[in-house]
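Open the model in your viewer and colour it by chain. The tour below goes from one selection to the next.

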Amino acid sequence: MTPPENLQSESDHAVRIDGARFGFEGSLLFDGLGLELERGRWTCLLGPSGVGKSSLLRVIAGLERLEAGSLSVLGGASVAYMAQQDLLMPWLSALGNVSIGARLRGERPDRERALAMLELVGLGGEADALPSTLSGGMRQRVALARTLMEDRPIVLMDEPFSALDAITRARLQELAAGLLAERTVLLVTHDPLEALRLGERIYVMAGRPASLELAVTPDGAPPRRLGDRSLLALHAELLERLTAADDAGADPRPH
Amino acid sequence: MRALRLTVICGLLVLVWQAVVWLADTPHFILPGPARVGVTWWEHAGLILGHAQTTLLEIALGLVLGTLLGVVSALVLTYVRPARLWLLPVLVASQAVPVFALAPILVLWLGYGIASKVAMATLIIYFPVAANFFDGLRRTEPGWLDLARAMGASPWRTMWRIRVPSALPALASGVRVATAVAPIGAVVGEWVGSSAGLGFLMLHANARMQIDMMFAALLTLAVFAVAIYFIIDHVLRRALHWQPDT
């Protein structure tokens, strides 16, 4: 089942979308949209809520189909998906949750590796703990370990840290940036600071139907320090752009 | 603590009962006092427990069969679209027919033995189990299903690893309701026509004006019904210990 090494594997792009059209509940979210995810880099997608960021991510994850346009994923590789909710199964231990992918595919879970992944996210001692006994931050760490366990070259994250408190969020951002450094990551977020800390390419998605614009390519390797002055200046700039996009009436419906 | 409260409540009820008997001075063939009923129970313990065994067997078999049928129906309704479209309305409409009205027919078809009572209990248990489990299966957290798809899960494994376990708390509440109503099914069946069981004993005693015996049988049924409920509840709680307390 290993995909053949085709010509695309030579390209710099892990994911390429062209002329994408997608609608939701009768309204067109985007049309003629294009996006390329550079291999081994973190790309962040910012934009007002309801603009279609999550839909775009779900399209790449294979959870939604485009109405028109093309999507090509490097070597046909499958992706790992991490959502805002930790999506842990309450009846499984932390270890069971980390191994759920193998179980769902009918493979024998690699217990040693699952334990190692829990160790990596700092939960080596919680392998047998049920999710209900863990804090929100710990649960999202287990979700991160589950994502790492899948070991996919492409990782898609839909606001994975937004339900966490500020300190926990900052810690998890650093942890994720370190552990997923070599992978192609698409991070959807509504937090410009998060995008600036973690992203190597930051796109702003706005309008209806929405279009994408490469807003910033910050210097330096992520995770960037929060106290960085240039970061804070960029933050202000990004916030202004986002506000303008929001005022332009990206989404007339209330949320 | 719960046991203590239960004991206090039962003790108080017995006291009120005895007080009514003393104050109203009711004849024992209308309302026998708790002491008299206790003595009757003790004298006929073998007879009462023998009949109780029959009723318990009917309840247990009804619970097993009704739960199995309910679980299978819920799975079929969830996974077979034509079944959902064609059978669900029938299933819901069937609940408009009082199970009590079916009892004479079931006795006619299945005889005076245990089979007709097990069928009654099964019928009464089936619906709450099927309805609750079906509901639980339909309400699987969509995020889990997305996750399973992104992980390349087959529909079959998604069912066994995610949908069924996530619906177990709903199934458990269905089984709890079923356990509470199961004795009704068995005893109604016994009243309509039987040769054994607590319902039979009550009917028999009533006809002979042995009201103390009737009360002894009734109390035995109540104690067993409550005991079964608590045992099942306890087992379900243990089995679903991961479920946050509601």
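How much area is buried between chain A and chain B, and what share of it do carbon and sulfur atoms give? The model is a predicted one, and in it the area buried between the two chains is about 2,000 Å². Carbon and sulfur atoms give 68% of that area.

**Stop 1: where the chains meet**

Select the residues of each chain that touch the other. On chain A there are 22 residues in contact with 20 residues of chain B. Six residue pairs between the chains are in polar contact, both residues of each pair being at pLDDT 80 or more. On the chain A side, the elements that give two or more residues are strand S5 (79–82), helix H3 (100–104) and helix H5 (136–150). H3(A) gives the most, with four residues. By type, the residues on this side of chain A are eleven nonpolar, five polar and six charged.

Now show the side chains of A:Arg58 and B:Asp146. These two residues form a salt bridge, and their closest N and O atoms are 2.6 Å apart. The count of salt bridges between chain A and chain B is one.

**Stop 2: the sheet of chain A**

In which order do the six strands of the open sheet in chain A lie? The order is S5-S6-S7-S3-S8-S9, and the pairing is mixed. S5 and strand S9 (211–216) of chain A are the edge strands, each pairing on one side only. From one strand to the next, the twist averages 20°.

Zoom in on S5(A), which also gives residues to the side that touches chain B. Strand S6 (residues 154–158) of chain A runs parallel to S5(A), and four bridges join the two. To see one position in this pairing, select A:Ala80, whose bridge partner in S6(A) is A:Val155.

**Stop 3: a helix across the strands**

Select helix H8 (residues 229–247) of chain A. H8(A) lies across strand S3 (42–46), strand S8 (201–206) and S9 of chain A. Relative to S9(A), the helix runs at about 160°.

**Stop 4: two loops**

Go to the loop between S8 and S9 of chain A, where A:Pro209 lies. The peptide bond leading from A:Arg208 to A:Pro209 is cis, with omega near -10°.

Finish in the loop between S6 and helix H6 (166–179) of chain A, where A:Glu159 is found.

Key: Residues numbered from 1 in each chain as written. Chains lettered and ligands numbered in written order. Predicted model: local features only at pLDDT ≥ 70, side-chain atom pairs only at ≥ 80, totals over all residues. Heavy atoms only, no water. Contact = heavy atoms within 4.5 Å. Buried area = accessible area lost by both parts, 1.4 Å probe. Salt bridge = Lys/Arg side-chain N within 4 Å of Asp/Glu carboxyl O. Polar contact = N/O pair within 3.5 Å; in protein donor to acceptor, adjacent residues only side chain to side chain. Nonpolar A, V, L, I, M, F, W, Y, C, P; charged D, E, K, R; others polar. Pairing = 2+ DSSP bridges. Axes fitted to C-alpha atoms, helices over the stretch in contact; angles between N-to-C directions.
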